Amino acid sequence: MSAKPKVAFYWCASCGGCEESVVDLAETILDVVAKVDIVLWPVAMDFKRKDVEAMPDGSILAALINGAIRSSEQEEMVRLLRRKSQIVIAYGACAHQGGIPGLGNQFSRSAMMKFAYEDSPSTQNPEHTHPMPEFADQGRLATLPTLWNVVRTLDQVIDVEYYLPGCPPTPKLLGQALEALLSGQAPPKGTVLAPDIALCEECPRKDTKPTDLAIREFKRPHLALVDPETCLLAQGFLCMGPATRGGCEAVCIRGNMPCSGCFGPTSRVRDQGAKMLSSVCSAIAATDDKEIQDIVNMIPDPVGTLYRYGLAASLLRRRADLQA
Amino acid sequence: MSHASESGPAATPPAQWEPRIVAFFCNWCTYTASDLAGVSRMKHAPNVRIIRVMCSGRVDPQFVLDAFARGADGVLIGGCHFGDCHYSEGNHKALRRVTMLRRVLADMGIEADRFRLEWISAAEGEKVKSVVNDMVAKVKALGPLGLPEHFKEWDREMEAMEGELVSKEVAHVG
């Protein structure tokens with residue numbers, strides 16, 4: 001085998017968008033492949049788990065793992081990759097903060113299974129069939145991975161060196177990260193590989209953000225016309241920019257949609273949702289109890305809005321009254 | 001704690017459990033009121049750990065969540081009455097944040113009585129006493145929140161896997 005550094009890509013609880021973003025490197029991916037050997041990439045290449053198991057510990061330079069961790073299989077694979085890799089990168093919002101799957105931490109496993117296999121509008125399941133972790137047939141035992149009760153970020157399961165934020169990370173950030181790793185100029189452990197500034201700082205509408213936002217109502221982008229020039233918060237759309245790390249170059253805002261927070265917080269913030277709550281609520285232009293309540297109630301789902309990608313990584317992690 | 005002497009150290013926690021409440025009191029009003037309660041020799045339940053902040057508007061919602069995550073059974077914020085804020089509208093900001101935070105806490109399964117905002121002026125030592133006593137009674141009725149214990153319990157599903165993998169690997173190497 002060549003002496004090129006080895007890189008692994010793996011996916012856990014994710015949508016596949018992160019894989020897409022690797023492909024989005026386009027021609028640049030050829031430069032990457034010229035410099036590294038990809039030893040595992042289930043979405044694109046035919047390497048198996050046993051191939052990874054056969055490698056000596058620490059022989060992979062970097063494993064880029066996307067997706068949250070919510071099943072026994074995912075946990076097993078990331079622990080294996082951890083042992084085999086010198087550097088583990090949590091790739092994308094789900095591995096970094098729990099992402100959309102992390103919102104599952106508002107519900108019990110049984111409630112989620114019941115909805116997915118029985119109650120969802122597109123499901124017909126009169127026999128109440130649910131997947132089972134074990135099934136015996138003709139003397140043979142078939143097994144499936146177990147769904148964990150709790151959705152976790154990657155660093156809640158294994159040690160992680162770096163984070164590439166975003167839903168998904170931009171090809172530019174991935175390219176920069178790979179370049180830094182291959183040149184041996186690795187940043188300190190724990191670094192999020194994106195600028196440590198709030199998104200507002202790089203927002204093209206920054207100059208239209210008033211000092212006092214004076215929010216009198218919250219609008220939802222699918223129910224109102226969005227002015228393409230003005231600060232979205234000033235228009236009453238809950239844009240997560242103030243509490244979200246920059247580095248995406250405001251792609252959503254350039255598409256006239258408010259930031260939904262996928263890059264997670266900056267290094268100065270522990271809990272992105274709480275910080276956004278703090279920022280946006282202080283700007284509500286009401287002093288009367290009832291008036292404040294009415295404005296705040298215009299946000300139908302505060303947890304799903306403020307913690308869209310960050311619930312698993314939040315201070316509370318999961319609904320407190322759920323069983324282990 | 002008032003009941004500490006009643007039973008020995010080996011007693012089971014539920015019978016002996018006392019709520020822990022973290023209180024953020026603003027320097028200008030509620031903290032001063034709490035001082036007044038003290039010099040007036042008023043007694044209230046000893047379950048409150050008071051943290052002095054310059055203003056109720058300084059209480060970052062992260063402080064509240066962090067207190068719960070580290071084992072607080074309740075969080076109390078005390079600030080100046082409207083019109084009295086030393087920084088003119090810090091207490092208004094506190095109310096706006098608390099209004100939203102209440103909804104978040106409800107959605108996260110934390111009971112409303114565990115989180116309270118009160119306006120207590122520097123002259124209202126008596127109110128500190130009654131608010132604290134009332135809150136302690138309510139939180140006592142709810143029982144422990146115990147988030148650190150929950151976190152440990154939740155993560156037990158992973159410990160099994162850790163042990164299993166190590167044994168697998170030993171078998172593999174052997």
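Reader: How many bridges join strand 1 of chain B to strand 2 of chain B, and do they run parallel or antiparallel?
Author: This is a predicted model. In it, six bridges join strand 1 (residues 21-26) of chain B to strand 2 of chain B, and the two run parallel.

Reader: What stands opposite Phe25(B)?
Author: Arg52(B), in strand 2 of chain B.

Reader: What is the strand order of that sheet?
Author: The order is 2-1-3-4 in chain B. The sheet is open, has four strands and pairs in parallel.

Reader: Which strands stand at the edges, and why is one side of each left without a neighbour?
Author: Strand 2 (48-53) and strand 4 (115-119) of chain B stand at the edges. Each has a single partner strand, so one side of each has no neighbour in the sheet.

Reader: By how much are neighbouring strands turned against each other?
Author: By 20° on average, with direction ignored.

Reader: Which strands does helix 3 of chain B lie across?
Author: Helix 3 (residues 61-69) of chain B lies across strand 1, strand 3 (74-79) and strand 4 of chain B. The helix runs at about 150° to strand 3 of chain B.

Reader: And what does helix 4 of chain B touch?
Author: Helix 4 of chain B packs on the sheet and touches strand 3 and strand 4 of chain B. Its direction makes about 160° with that of strand 4 of chain B.

Reader: Stepping back, how do the elements of chain B run from the N terminus on?
Author: They run α-β-α-β-α-β-α-β-α-α-α, which comprises seven helices and four strands.

Reader: What share of chain B counts as buried?
Author: 43% of its 174 residues. For contacts in chain B between residues at least 6 apart in sequence, 80% join residues at least 24 apart.

Reader: What does the domain assignment of chain B give?
Author: Domain 1 (16-143) and domain 2 (147-174). The C-alpha centres of these two domains of chain B lie 39 Å apart.

Reader: Now the core. Which residues touch the most other members of the largest nonpolar core?
Author: Ile65(A), Leu81(A), Ile21(B), Phe68(B) and Val75(B), in a core of 132 residues. Helix 4 (residues 90-107) of chain B gives the most to this core, with seven residues.

Reader: What does Phe68(B) touch?
Author: Leaving out residues up to four places away in sequence, Phe68(B) touches Leu316(A), Val75(B), Ile110(B), Leu145(B) and Leu147(B).

Reader: Staying with chain A, how is it divided into domains?
Author: Into domain 1 (6-100 + 149-182), domain 2 (110-148) and domain 3 (199-306). The C-alpha centres of domain 1 and domain 3 of chain A lie 31 Å apart. Their contact takes eight residues from domain 1 of chain A and six residues from domain 3 of chain A.

Reader: Which element gives the largest share of the domain 1 side?
Author: Helix 5 (residues 93-97) of chain A, with three residues. By class, the side of domain 1 of chain A that touches domain 3 of chain A has four nonpolar, four polar and no charged residues.

Reader: Backbone checks next. Where is the cis peptide bond?
Author: From Cys167(A) to Pro168(A), with omega near -5°. Pro168(A) lies in the loop between strand 9 (162-164) and helix 7 (171-182) of chain A.

Reader: What is phi of Glu249(A)?
Author: Near 60°, a positive value in a residue other than glycine. Glu249(A) is in the loop between helix 7 and helix 8 (251-254) of chain A.

Reader: And phi of Asn256(A)?
Author: Near 65°, also positive. Asn256(A) sits in the loop between helix 8 and helix 9 of chain A.

Reader: Last one, is Lys290(A) buried or exposed?
Author: Lys290(A) counts as exposed, because it has 8 C-beta neighbours inside 10 Å. Its place is in helix 10 of chain A.

Definitions and conventions
Residues numbered from 1 in each chain as written. Chains lettered and ligands numbered in written order. Predicted model: local features only at pLDDT ≥ 70, side-chain atom pairs only at ≥ 80, totals over all residues. Core = buried A, V, L, I, M, F, W, Y, C linked by C-beta atoms within 7 Å. Buried ≥ 20, exposed ≤ 12 C-beta atoms within 10 Å, placed from the backbone. Contact = placed C-beta atoms within 7 Å. Domains from an automatic or database assignment. Pairing = 2+ DSSP bridges. Axes fitted to C-alpha atoms, helices over the stretch in contact; angles between N-to-C directions. Nonpolar A, V, L, I, M, F, W, Y, C, P; charged D, E, K, R; others polar.
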